[in-house]
Amino acid sequence: MTTTFPLLTICGSTRAGSTNAAVLRTVAAVAPEPVVVDGYDGLSGLPHFNPDDDREPLHPAVADLRGRIKEAGALLFCTPEYAGALPGSFKNLLDWTVGAEAMYHKPVAWINASSSLTGAKHAHESLRIVLGYLNVDLVEQACVHIPVGRDLLGEDGLVHDERTRERIAAAVTALASHR
Ligand SMILES: Cc1cc2nc3c(=O)[nH]c(=O)nc-3n(C[C@H](O)[C@H](O)[C@H](O)COP(=O)(O)O)c2cc1C
């Protein structure tokens, strides 16, 4: 019997037509066995972080987030850059993970899907700094820049370009193989 490897994917964009969300849907489509993807979709429902509320009973949305992190073998982020930084709603999610024991030594990576000239450099520098406070295991081989413009997406909302899909699958393999 094959043991599955649960991968939690978290998108930093709340936009319906998000390219970052498209990349994470593609992660689910190309993830090799035994990886099973849990696509987190609760970003918009998280309350604003307040340290006073970081205690039992937690807001149900926060409890759900932390429970899913606990179940995950690894976390994969995909976020846009807003105004030279991380989107506020995504930073809010990361703030809720600061007190999550489940983040300790959790293998974590990102796919930077930016196709802009600056490559969302500042957002990912910032993400690296934030993750440095969370005691995660940042899996460098799986932190990749794979530019995905809208032209690479099919009508089904997935990345169709074969070379790009292979690169996405390789990043997932690198993350899931981390020991
Ligand atoms: C409010 C706002 C600010 C943005 N700021 C930046 C930025 O600083 N750097 C950048 O490369 N792109 C910036 N962008 C462009 C987005 O990062 C880009 O459209 C990205 O594809 C959005 O991701 P999504 O398609 O997953 O929603 C900005 C977009 C918005 C809406």
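**A colleague's note on loops and helix packing**

1. Ala120 sits in the loop between S4 and H4. Helices and strands are DSSP runs (H or I with at least four residues for helices, E with at least two for strands), numbered from the N terminus. The model is predicted: local features need pLDDT of at least 70 and side-chain atom pairs count only at pLDDT 80 or more, while totals for chains, interfaces and linings use all residues. Residues are numbered from 1 along each chain as its sequence is written, and side-chain values use heavy atoms, with hydrogens and water left out.

2. Stay with Ala120 for a moment. Its phi is near 50°, a positive value in a residue other than glycine. Ala120 has a relative accessible area of 3% and is therefore buried; buried means under 20% relative accessible area, exposed over 50%, and partly exposed in between, with a 1.4 Å probe and protein chains only. For background, most residues other than glycine have a negative phi, and most peptide bonds are trans.

3. Gly119 belongs to the loop between S4 and H4 and counts as buried, at 9% relative accessibility. Which residues does Gly119 contact, leaving aside its neighbours within four places in sequence? They are Asn112, Ser114, His124 and His145, where contact means heavy atoms within 4.5 Å. Pro147 is 28 residues away from Gly119 in sequence, yet their C-alpha atoms are 7.9 Å apart in space.

4. Next comes helix H4. Its 12 residues (121-132) should span 16 Å at 1.5 Å a residue, and the end C-alpha atoms are 17 Å apart, which agrees. The expected span is 1.5 Å times one less than the number of residues. Lys121 is placed in helix H4 and counts as partly exposed, at 47% relative accessibility.

5. Which residues of H4 are buried? They are Ala123, His124, Leu127, Val130 and Leu131. These cover an arc of only 115° around the axis, which puts them on the same side of H4; the arc is that of the directions from the helix axis to the C-beta atoms. Ile129 and Gly132, on the other side of H4, are exposed. The cover over the buried residues of H4 includes strand S3 (74-78), helix H3 (88-97), strand S4 (107-112) and strand S5 (137-138).

6. Now for a pair of packed helices. Helix H1 (residues 19-30) and helix H5 (residues 162-176) have axes that come within 9 Å and cross at roughly 75°. Axes are lines fitted to C-alpha atoms, for helices over the stretch in contact, and angles run from 0 to 180 degrees between N-to-C directions. H1 and H5 are therefore roughly perpendicular to each other; angles under 35 degrees count as roughly parallel, over 145 as roughly antiparallel, 65 to 115 as roughly perpendicular and the rest as oblique. H1 brings Val23, Thr26, Val27, Ala29 and Val30 to the contact, and H5 brings Arg165, Ile168, Ala169 and Val172. By class, this contact of H1 with H5 has 7 nonpolar, 1 polar and 1 charged residues. Ala, Val, Leu, Ile, Met, Phe, Trp, Tyr, Cys and Pro count as nonpolar, Asp, Glu, Lys and Arg as charged, and the others, Gly among them, as polar.

7. H5 itself has 15 residues and reaches 21 Å from its first C-alpha to its last, close to the 21 Å expected at 1.5 Å a residue. Its buried residues include Thr164, Ala171, Ala174, Leu175 and Ala176. Among the partners that the buried residues of H5 pack against are strand S1 (5-11), strand S2 (35-40) and strand S6 (144-145).

8. H2 and H3 form another packed pair, at an angle of about 70° and with axes 10 Å apart. That makes H2 roughly perpendicular to H3. Val62, Leu65, Arg66 and Ile69 in H2 meet Leu93, Trp96 and Thr97 in H3. The buried residues of H3 include Leu93, Trp96 and Thr97, along with Phe90, Asn92 and Leu94.

9. Last, some backbone details to look up. The peptide bond from Glu33 to Pro34 is cis, with omega near 5°, and Pro34 lies in the loop between H1 and S2. Glu56 and Pro57 are joined by a cis peptide bond too, with omega about -5°; Pro57 is in the loop between S2 and helix H2 (60-71). His105, in the loop between H3 and S4, has a positive phi near 60°.
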